[in-house]
Amino acid sequence: KEDCVSASDKIRTLDQPIYVCDMGCNCKPEIVKPLDTSVWTPVKCEGMKVRGVIRQNSPLRYAHEVRDFCKSKGGSMAYPKTSKDIECLIDPSWKYLGIWMGYTDEGSKGIWRKAEDPIKPGFNGLDLSALWWTGNPVDTSLYDCTYVNQLQLCNTSCRKAKMRTLCVIE
């Protein structure tokens, strides 16, 4: 068991396998591919597993378009847990601009989850209270996607607003 814990705590290095272990100490090798810097901008955010970001000021996209774009590049939308995460991920010049984040309550009003995660019975939602802008989330059936403005989380319609793209890759 001790070997399992120490092996799973190792930091990934490019093209060198590390062993990722589950709680039962079943380990398998994992290789991290080098970051394609022609697509991804390297980034290091304390406390996050993110290795790179794609930041696009234009074209402005709907939330589902951003989700599809990020997936096509091998990444996902951003899921910040703290305002420090947001500050690290976004371009400093974007502080006052709308940037799509990946949280949604679509199909489960008031129960916020990662957009890629299916709705699960008994799931009570993610606690995003530390990130919400004062007065958010707005409780309406039309506002089911999240974006960042001034380093705080807001919600709006996934289909009516076009905003900036932020993708992350671990």
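This is a predicted model: local features need pLDDT of at least 70, side-chain atom pairs count only at pLDDT 80 or more; totals for chains, interfaces and linings use all residues.
Which residues form a nonpolar patch on the surface? I looked that up before anything else. Val 138, Leu 142 and Tyr 143 do, with about 240 Å² of accessible area together. Patches take residues with over 30% relative accessible area and no salt bridge, joining like charges within 9 Å and nonpolar side chains (Val, Leu, Ile, Met, Phe, Trp, Tyr) within 5 Å. Areas are Shrake-Rupley with a 1.4 Å probe, and for residues only the protein chains shown count as cover.

Residues are numbered from 1 along each chain as its sequence is written, and side-chain values use heavy atoms, with hydrogens and water left out.

**Overview**

I got three helices and 10 strands for the protein chain, in the order α-β-β-β-β-α-β-α-β-β-β-β-β. These are DSSP runs numbered from the N terminus: helices are H or I with at least four residues, strands are E with at least two. Of the 170 residues, 39% count as buried; that means under 20% relative accessible area, with exposed over 50% and partly exposed in between (1.4 Å probe, protein chains only). The chain exposes about 10,400 Å², and carbon and sulfur atoms supply 51% of that.

**Strand β6**

Next I checked β6, residues 99-104. Six of its six residues are buried, so the strand is largely enclosed by the rest of the structure. In a regular strand the side chains alternate between the two faces of the sheet. Here Ile 99, Met 101 and Tyr 103 are buried on one side, and Trp 100, Gly 102 and Thr 104 on the other.

Then the partners (strands pair if DSSP finds at least two bridges between them). Four bridges join β6 to β8 (residues 145-149), antiparallel, and Met 101 stands opposite Thr 146 there. Two bridges join β6 to β7 (residues 113-114), also antiparallel, and Thr 104 stands opposite Arg 113.

What does Leu 89 contact, leaving aside its neighbours within four places in sequence? I found Cys 45, Met 48, Val 50, Val 53, Arg 55, Ala 78, Leu 166 and Val 168, where contact means heavy atoms within 4.5 Å.

**Salt bridges**

The count is two, using a side-chain nitrogen of Lys or Arg within 4 Å of a carboxyl oxygen of Asp or Glu. Lys 109 pairs with Asp 105, closest N and O atoms 2.8 Å apart. Lys 109 is partly exposed at 37% relative accessibility, whereas Asp 105 is buried at 4%.

Arg 159 pairs with Glu 106 at 2.6 Å between the closest N and O atoms. Arg 159 lies in the loop between β9 (152-156) and β10 and Glu 106 in the loop between β6 and β7, so the pair ties together parts 53 residues apart in sequence. Arg 159 is exposed at 51%; Glu 106 is partly exposed at 25%.
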